[in-house]
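Subject: Structure handover

Hello,

Here is the structure we talked about. Please open it next to this message. My notes follow below.

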Amino acid sequence: MRPNDSKIENTTINPQVSPAMNHGAHEVYDVHEVLSCAVNCMDQYVMMSQHVKDPELRNILDRQYQFMANEYNTLVECFSTGREPAQPTGKYKMQQGNNVTYGLRQSQPKAPMKSPAEINDQRISGQMLSAMKSSAAVKAHAACEVTNPVVRRVLADSIPNCIEMAYELFLWQNKHGYYQVAQLPQADMQQLTHSYAPATATTPLPGQTGTIQ
């Protein structure tokens, strides 16, 4: 649910179907996958929490976990009832700025861990980032298949939160040199960023009558 919306679309597509049964078969499977992904993601955060050393990363982990738990409860409620949830979808706000450090620096090649003793903040933040990316992808896929308007809106509105949490983790990694951002030569960047022209939508398409509103 959008934070500023006072009401979601009508919750019943077919008045002969109860709200709790207002789901398509494909939707049920997809939302099950979303909820399973959410549980796995929160479980990962719990398992990694005892190993975090950096206070800022620990703060991010705690805030993101609490937000995910609230979103999870909102989705569980509207999925099981088919109705508007008591707690609407919130809007996650990261506490970092948007400063990105560009360029590559010499660093050791990455390799899989050989023992749990190698768990550190770099690996933990990488796991958290991967979990957020996966969550955004699975929610976006499911939202395109959902028939229940309430569940569809809750899923759609939670996707930007996953993106924001992933970006927050990227910024933390980038600041510590764990996620380096390469850039193309300036001439190549200039050519590629200016290689498309704006579209015009003033001419009716073939077979279309009237004007575009």
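The lining of the largest cavity divides into 13 nonpolar, four polar and two charged residues. Please keep in mind that this is a predicted model.

More on that cavity. It is lined by 19 residues. A38, M68, E71, Y72 and K139 lie nearest its centre. α1, α2, α3 and α4 each give two or more residues to the lining. The volume of the largest cavity is about 180 Å³. With a threshold of 30 Å³ or more, the count comes to one cavity.

Now the largest pocket. Its volume is about 510 Å³. The lining holds 19 residues, and K110, A111, N120, Q122 and R123 are the ones nearest the centre of the pocket. Which element gives the most to this lining? α3 does, with five residues. By class, the pocket lining has seven nonpolar, ten polar and two charged residues.

The overall layout is quick to state. The protein has five helices and zero strands. From the N terminus on, the elements run α-α-α-α-α. The protein has 213 residues, and 35% of them count as buried. Take the contacts with a separation of 6 or more: residues 24 or more positions apart account for 80% of them.

Next, the packing. In soluble globular proteins, nonpolar side chains tend to be buried together. The largest nonpolar core here has 25 residues. Y45, L57, M68, M128, M132 and L169 touch the most other members. Four helices each supply at least two residues of this core: α1 (25-49), α2, α3 and α4 (149-175).

Leaving out residues up to four places away in sequence, Y45 touches L61, Q64, Y65, M68, M128, M132 and L169. There is also a second, separate core. That core has 16 residues, including L35, L75, F79 and V146.

Last, the aromatic rings. How many aromatic pairs does a search of the whole structure find? The search finds four. F67 and Y92 form one that is edge-to-face, at 5.4 Å centre to centre and with 75° between the planes. F67 lies in helix α2 (residues 55-81), while Y92 sits in the loop between α2 and α3 (121-143), so the pair ties together parts that are 25 residues apart in sequence. F67 and Y92 are both buried.

W172 and Y178 make another pair. Their ring centres are 5.7 Å apart and their planes are at 45°, so this pair is tilted. Y178 has a relative accessible area of 28% and is partly exposed. Ring pairs also link Y167, F170 and Y179 into a cluster.

That is the handover. Please send back any questions.

Best wishes

Key:
Residues numbered from 1 in each chain as written. Predicted model: local features only at pLDDT ≥ 70, side-chain atom pairs only at ≥ 80, totals over all residues. Heavy atoms only, no water. Phe/Tyr/Trp six-rings, centres within 6.5 Å; stacked < 30°, edge-to-face > 60°. Buried < 20%, exposed > 50% of the residue type's maximum accessible area, 1.4 Å probe, protein only. 1 Å grid on protein atoms, 1.4 Å probe; cavity = no way out; pocket = protein on both sides within 12 Å on 5 of 7 lines; lining within 4 Å. Points joined across faces, edges and corners; volume = space filled by probe spheres on them. Nonpolar A, V, L, I, M, F, W, Y, C, P; charged D, E, K, R; others polar. Core = buried A, V, L, I, M, F, W, Y, C linked by side-chain atoms within 4.5 Å. Contact = heavy atoms within 4.5 Å.
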